[in-house]
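Subject: Structure handover, with notes

Dear colleague,

I am passing the structure below to you, together with some notes on its contacts. Please read them beside the coordinates.

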Amino acid sequence: MKVLILQGSPKLEGNTEQLLKPMVAELEAAGHQTEQIGLYGLEIKGCIACRTCQKDWTKFGCVLHDDGQMIFDRVLEADVLILATPIYSWYCTAPMKAILDRLVYGMNKYYGDEKGPSLWEGRDLALVMTCGYEPAKGTDLFVAGMERYAKHSRLNYLGSHGARHRGYDMVFMDEEKEAAARNFARELIGKMERKRL
């Protein structure tokens, strides 16, 4: 299966990327194709809620000319979407929020004169997050928001994995975090493969 990872960290080798590496290794070892897109290196404008995208139910249809169309195309090509982000102020980073706003309109043709389809219906969605608090208190608002987002968009929500960084002067990744990340990837693989049966 094709797994697309949207990476919302501003740091190329930061905590979020370190947490993803063992997961990607597990996914690829199981025969899944992965692609990762770093959102901070792209131009992603904020949605202006003009609803132009609702006029044509066959395409993204966004009037903003930036990297949104490329991301839309990659999402449609993927079977599984993983959103990987550090948590800032109890939610995802700014470029992640911007593309989520654009996708919820461009993919879901619900907001025009007539209700249309969800163009990404049936795709799998999972979350990978890093934060400064215990994940239960640091990632919970984003998880709750994305569970509702998935239901609204008719995506299959597969779950989330979060890891805490206790301070800027401390090493983030250790054997325990790596093992937990690999275990989460194996859980995802199991859910993905059960869906194919």
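Predicted model: local features only at pLDDT ≥ 70, side-chain atom pairs only at ≥ 80, totals over all residues.

Arg164 is partly exposed, with a relative accessible area of 25% (buried means under 20% relative accessible area, exposed over 50%, and partly exposed in between, with a 1.4 Å probe and protein chains only). Its partner in a salt bridge is Glu134, with the closest N and O atoms 2.9 Å apart, where a salt bridge is a side-chain nitrogen of Lys or Arg within 4 Å of a carboxyl oxygen of Asp or Glu. This pair links distant parts of the chain, since Glu134 sits in the loop between strand 4 and helix 4 (135-138) whereas Arg164 belongs to strand 5 (residues 156-164), 30 residues apart; helices (H or I, at least four residues) and strands (E, at least two) are DSSP runs, numbered from the N terminus. Glu134, at 40% relative accessibility, is also partly exposed.

Residues are numbered from 1 along each chain as its sequence is written, and side-chain values use heavy atoms, with hydrogens and water left out.

Across the whole structure, the search finds 12 salt bridges. One of them joins Asp101 to Lys97, with 2.7 Å between the closest N and O atoms; both residues lie in helix 3, four residues apart, which is about one turn of the helix. Asp101 is partly exposed at 27% relative accessibility, and Lys97 is partly exposed at 34%. Another joins the side chains of Glu43 and Lys45 (3.9 Å, N to O).

Leaving aside neighbours within four places in sequence, Leu83 is in contact (heavy atoms within 4.5 Å) with residues including Leu6, Met96, Leu100 and Met146.

Leu20 lies in helix 1 (residues 15-29) and is buried, with a relative accessible area of 1%. The C-alpha atoms of Leu20 and Arg182 are separated by 9.1 Å, although the two are 162 residues apart along the chain.

Finally, the structure holds zero disulfides, a disulfide being a pair of cysteine sulfur atoms within 2.5 Å. The sulfur of Cys47 has its closest cysteine sulfur in Cys53, at 6.7 Å, too far for a bond; for Cys53 the closest is in Cys50, at 6.4 Å, which is also too far. Cys53 counts as buried at 9% relative accessibility, whereas Cys47 is partly exposed at 32%.
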